[in-house]
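Reader: I have a model open and I'd like to learn how to read its side-chain features. Could you walk me through it, starting with charges?

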Amino acid sequence: MRVLLLYTKFPKSFWSFEKTLELIGRKAMLPPLGLVTVAAILPQEWEFKLVDRNVGDVTEEDWNWADLVLMSAMIVQKDDMLAQVQQAKRRGKAVAVGGPYPTALPEELEAVDTDFLILDEGEITLPMFVEAIERGETSGVFRSNGEKPDVTITPIPRFDLLDFDAYAEMSVQFSRGCPFQCEFCDIIVLYGRKPRTKSPEQFIAELDRLYELGWRRSIFLVDDNFIGNKRNVKLLLKALQPWMVEHNYPFSFATEASVDLAKDQELMDMMVACNFGSVFLGIETPDADSLTTTKKYQNTRDPLSDAVIQIAKSGLRVMAGFIIGFDGEKAGAGDRIVEFVEKTAIPTALFSMLQALPDTGLWHRLEKEGRLREKNANINQTTLMNFVPTRPLEDIAHEYIDAFWRLYDPAAFLDRTYRHFRFLGEATYPHKGKATQKNTSWVVIRALLTIAWRQGVLRKTRFQFWRNLWLMYRHNRGGISSYLSVCAQAEHFLEYRQIVKDQIEAQLAAYLAQKQSRDAASSTETPQPELVR
């Protein structure tokens, strides 16, 4: 069996960083970890070829080679997945799909005649699919019916199928699931509220494989809450730290975690000792009432701003997510988010309007209340809300556009980045001895020169850029390389904030026109006379 593993395209998004990737000669931020894990679970006598459409196009030679096309996608990739299924079907290929998007909205894949839907978690449903293939079946839907696999049985992903040069970072996974109950989140729907972890030996075996294949750059742990099971995380870090020392710190790590990380100094210190450099936090909003409404209780127990600064001062660069549009939200939410981001000096603040995702608590509540505008979802930052909020949608959209624009003003972004690295400069880092040396290529030198030219000469940030760089040299010399890499993100956000503004304004205009048309039609309807009895 020859299997074409096809990863579908992402639209331009907050995380796509096209302009930044161009500077360093990479084509995508992260590889498709799900597909290379699928390749490891499927029979190893099968042949595999991976095509990531974020890196390159599928050729006719690829199509012709394949007996089966197997695709994966998140909801944000849905348009390209549907298009690629149809491309494969036109060529007479059998098509199997899996991942978060097909699992959430399987009817959309059935509507384009997809042959096999391998839903939920692959450790359970992929063996079902293989058995069906061996029986000669040509279609089927495979579900785990609520069962969650033990991830200690998950094999080492087929990292050898990846083109390492195409990616800025590598992906690995330690755990699945999250113990919290945020109403809007689909992670607990997909993976459950009981975090399941790999063993330390299993995780380190994956690092051994990456090391053997020559990877020597950053690794992103894609866990939706890395610290969901703190006991097991500490066991992992205890085993990982001597491995990092023995191998001369070949990798740096980043991950996602809940804000209660700030309460556990030992855990933060262990992460820094293992060369974790950054963490993404789901802050969502500084409004305590909105956090309670959406059941994000873990963010209401301590001052959020203190937690962010404590994490940064421990040596972990903070990235964070923010959302506007919660029920009961008061006017000025966009301003309050900007004020919080500025106060805590978070450079990279993911900002979106709230979306109701399929099968979440929010989705079911809004459906009962008759407030869903569309029975689909998209978590991109350029998408208008898919439900009727409790305050005017146009007010939320205008606040969102204004706040996004201000957050990614080049001068504001550069200022936050500098202040955040001053917090990071207060941390105590491990002595790394003869750490693995990263080659300083011409590509890196050219990227640094480009950043210096654009931000230090052409733009209004010119004085600020050189002043901050000098102050970094004085106060946090060891952080200069990381500082400049974050400064490079401005090249993406300068373009992306305009995309957000243009697309949200266009969708809002269409929404208001439709609303006006409906209101006009309603007001001109002729009242029906009552029946006379």
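Author: Happy to. A salt bridge is a side-chain nitrogen of Lys or Arg within 4 Å of a carboxyl oxygen of Asp or Glu. Here, the side chains of D120 and R143 make one, at 2.9 Å from N to O. That pair links distant parts of the chain, 23 residues apart: D120 is in the loop between β5 (116–118) and α7 (122–134), R143 in the loop between β6 (140–142) and β7 (170–172). Those labels are DSSP runs numbered from the N terminus, with helices (H or I) of at least four residues and strands (E) of at least two.

Reader: Before we go on, what sort of model is this, and what is left out?

Author: It's a predicted model, where local features need pLDDT of at least 70 and side-chain atom pairs count only at pLDDT 80 or more, while totals for chains, interfaces and linings use all residues. Residues are numbered from 1 along each chain as its sequence is written, and side-chain values use heavy atoms, with hydrogens and water left out.

Reader: Back to that pair: how exposed are D120 and R143?

Author: The scale is relative accessible area: buried is under 20%, exposed is over 50%, and partly exposed is in between (1.4 Å probe, protein chains only). D120 counts as partly exposed because its relative accessibility is 25%. R143, with a relative accessible area of 32%, is partly exposed too.

Reader: And E121 and R176, are they buried or exposed?

Author: Both E121 and R176 are buried. Their side chains meet in a salt bridge, 2.6 Å from N to O. This one also links distant parts of the chain, 55 residues apart, with E121 in the loop between β5 and α7 and R176 in strand β8 (residues 175–176).

Reader: How many salt bridges does the whole structure hold?

Author: A search finds 40. Some join up: E183, D327, R365, E369 and R371 are linked in a network.

Reader: Let's switch to rings. How do I read an aromatic pair?

Author: Take rings of Phe, Tyr and Trp (its six-membered ring): they pair if their centres lie within 6.5 Å, and planes under 30 degrees apart count as stacked, over 60 as edge-to-face and the rest as tilted. The structure holds 32 aromatic pairs. One of them is Y7 with F10, edge-to-face, 5.9 Å centre to centre with 70° between the planes. Y7 counts as buried at 10% relative accessibility, whereas F10 counts as partly exposed at 31%.
Y400 and F404 also pair edge-to-face, at 5.9 Å centre to centre and 70° between the planes. Being 4 residues apart in helix α16 (residues 393–407), they are separated by about one helical turn. Both Y400 and F404 are buried. They belong to an aromatic cluster whose members include F14, W15, F280 and Y496.

Reader: Why is helix α13 called largely enclosed?

Author: Count its buried residues: 7 of the 10 in α13 (residues 304–313) are buried, so the rest of the structure largely encloses it. Among them are L304, V308 and I311. Just after α13, G315 takes a positive phi of about 115°.

Reader: And what about nonpolar side chains out on the surface?

Author: Look for a patch: residues with over 30% relative accessible area and no salt bridge, where like charges are joined within 9 Å and nonpolar side chains (Val, Leu, Ile, Met, Phe, Trp, Tyr) within 5 Å. W453, V457, L458 and W466 form a nonpolar one, with about 420 Å² of accessible area together, by the Shrake-Rupley method with a 1.4 Å probe, where for residues only the protein chains shown count as cover. Helix α18 (residues 442–458) gives the most, with 3 residues. L458, found in that helix, counts as exposed at 51% relative accessibility.
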